[in-house]
Amino acid sequence: MPITRQICADLDSQDALAPARALFDLPEGLIYLDGNSLGALPNAVSRRVAAVVREQWGRDLIRSWNAHNWISLPERVGARIAGIVGAEPGSVVAADSTSVNLFKLAAAALRLQAPRRVVLTEQGDFPTDVYILQGLTEFMGAGVELRVVERDRLAEALTDDVALLLLSHVHYKTAAAHPMALLCARARAVGALTLWDLSHSAGVLDVRLERDGADFAVGCGYKYINGGPGAPAFLYVAPRLQEVFRSPLSGWMGHARPFGFEGDYQPAPGVLRGLCGTPPVLSLAALDEALGVFEGLSMSDLERKARALGDLFIALVEQCCPDMALASPRQADARGGHVSLAHAEGYPVMQALIAAGVIGDFRAPETLRFGFSPLYVRYVDVWDAVARLAAILRRERWREPRFHIPAVVT
Ligand SMILES: *Cc1c(COP(=O)(O)O)cnc(C)c1O
């Protein structure tokens, strides 16, 4: 029996998460399926940022560091993030970018693991992770050996010379999710540490860093967490490692007494030593407010809905778009919050779809990505999006020359 729009409308009316959509400012008529790249704007963020700019910065000026507690924002925002990634209290700070945090944690892990020097990672993972490791390898000379293997060879490549296993929890292109607990246990058994990049899972999956035994993690603030373009990222250090962990970017904000202005670096207690320089207050205020949306919600409900939306999308694509190949795991519990399709003309197809009011994105050479943020995507949105996609394919609208002009950001 075909899936009708009415069936989708009924799913929305039974959805306990449906009211969360009202917390976002979404343009009328637009279907936004790119929350895995840039989360939508929570309406409270506009008010908060305006207030921080006008009232705090404008009126209270430098007194705000104390009066409005700007100085503890990295820690307070980190505590909220800890709540959505299953981390122990006091084990997360918000700071810098995911790339910079990767550098800090990978370098720190290698220092702890000497004389082991092998970093094991997955072939075809998000490029910045490998680029950072390549930079670290050049910088440390003989101190690092990068071992990049195919996904299905990771478990056997976890040998007892591996210092660090670095993985994206959910693959940016395929949405395939690694079994975190299993890989952490295997790594521990051979004496390797783990560093998880949660960019595509934080804020959408029921991540359990503590339960699953992760050692280190980083992640993005601007994807499913909705912290805004270029929002601060976060880093996690398991409590058992916090007192031995040393950041190579030993800036004053990670000092035990930043305002002691002492001659020598002494790391702050706990995860705060992961900080480097002055926190970006406006961006942290936006991220802090965005995290308010998650309050009172259960991450397992979010995970379930994101995967249900993905299942619906896959079923509808199979029902209406015979030219499209699925480029993500079919089984929901092996996926993150997005679903990818493959099509030889993926770029112009996505441009035509965007022109038709459905925003997803494209990853070269042929991947069309569709993100299903469970906070604001409705079941009917999925139905409408696939109907428009099917029409574009059927009428070959993607052939129009305007859809073939390359953009800088895809
Ligand atoms: C989005 C993403 C990043 C982003 O890193 P930035 O430093 O914020 O640019 C890193 N890793 C993965 C896996 C990502 O998906």
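A residue is called buried when its relative accessible area is under 20%, exposed when this value is over 50%, and partly exposed in between. The structure described here is a predicted model. By this rule His-171, with a relative accessible area of 7%, is buried. His-171 is found in the loop between S7 and H8. Its side chain reaches the backbone nitrogen of Lys-173, and the distance is 3.0 Å.

The shell around the ligand has 13 residues, of which Ser-99, Asp-197, His-200, Tyr-222 and Lys-223 come nearest. By residue class, the shell consists of three nonpolar, seven polar and three charged residues. For Asp-197, a polar side-chain atom is found 2.7 Å from a nitrogen atom of the ligand. Asp-129 also places a polar side-chain atom by a ligand nitrogen, here at 3.2 Å. The side chain of Lys-223 has an N or O atom that is 2.6 Å from an oxygen atom of the ligand. On its own, the ligand has 390 Å² of accessible area, and the protein covers 86% of this. Two or more residues of the shell are given by helix H5, residues 98-113, and likewise by helix H6, residues 127-140.

Lys-223 takes part in a further arrangement, with an aromatic residue. Lys-223 lies over the face of Phe-126, and the distance to the ring centre is 5.3 Å.

The ring centres of Phe-126 and Tyr-172 are 5.0 Å apart, and because the two planes stand at 90°, the pair is classed as edge-to-face. The cut-off for this class is an angle of over 60 degrees between the planes. Phe-126 is placed in the loop between strand S5 (118-122) and H6, while Tyr-172 is placed in the loop between strand S7 (162-168) and helix H8 (180-189); the pair therefore ties together parts that are 46 residues apart in sequence. The two partners fall into separate accessibility classes. Phe-126 has a relative accessibility of 29% and so counts as partly exposed, whereas Tyr-172 has a relative accessible area of 10% and is therefore buried. Elsewhere, ring pairs link three aromatic residues, Phe-24, Tyr-32 and Tyr-376, into a cluster.

The peptide bond that runs from Ala-114 to Pro-115 is cis, and its omega is near 10°. Pro-115 is located in the loop between H5 and S5. Ala-364 and Pro-365 are also joined by a cis peptide bond, with omega about 0°. In this case the proline, Pro-365, lies in the loop that runs between strand S14 (361-363) and strand S15 (367-371).

Leu-61, a residue other than glycine, has a positive phi, near 45°. Its position is in the loop between helix H2 (43-60) and helix H3 (64-67). The relative accessibility of Leu-61 is 49%, so this residue counts as partly exposed. For Phe-261, likewise not a glycine, phi is positive and near 45°. Phe-261 is part of the loop between helix H10 (239-242) and helix H11 (281-291). With a relative accessibility of 60%, Phe-261 counts as exposed.

Ala-387 is in helix H14, which comprises residues 379-394. With a relative accessible area of 33%, Ala-387 is partly exposed.

Key: Residues are numbered from 1 along each chain as its sequence is written. This is a predicted model: local features need pLDDT of at least 70, side-chain atom pairs count only at pLDDT 80 or more; totals for chains, interfaces and linings use all residues. Side-chain values use heavy atoms; hydrogens and water are left out. A residue is near a molecule or strand if one of its heavy atoms lies within 4 Å of it. A polar contact is a pair of N or O atoms within 3.5 Å; within protein, one must be able to donate a hydrogen and the other to accept it, and residues adjacent in sequence count only if both atoms are side-chain atoms. Accessible areas come from the Shrake-Rupley method with a 1.4 Å probe; for residues, only the protein chains shown count as cover. Helices (H or I, at least four residues) and strands (E, at least two) are DSSP runs, numbered from the N terminus. Ala, Val, Leu, Ile, Met, Phe, Trp, Tyr, Cys and Pro count as nonpolar, Asp, Glu, Lys and Arg as charged, and the others, Gly among them, as polar. Rings of Phe, Tyr and Trp (its six-membered ring) pair if their centres lie within 6.5 Å; planes under 30 degrees apart count as stacked, over 60 as edge-to-face and the rest as tilted. Buried means under 20% relative accessible area, exposed over 50%, partly exposed in between (1.4 Å probe, protein chains only). A charge sits over a ring if NZ of Lys or CZ of Arg is within 6 Å of the ring centre and within 35 degrees of the ring normal.
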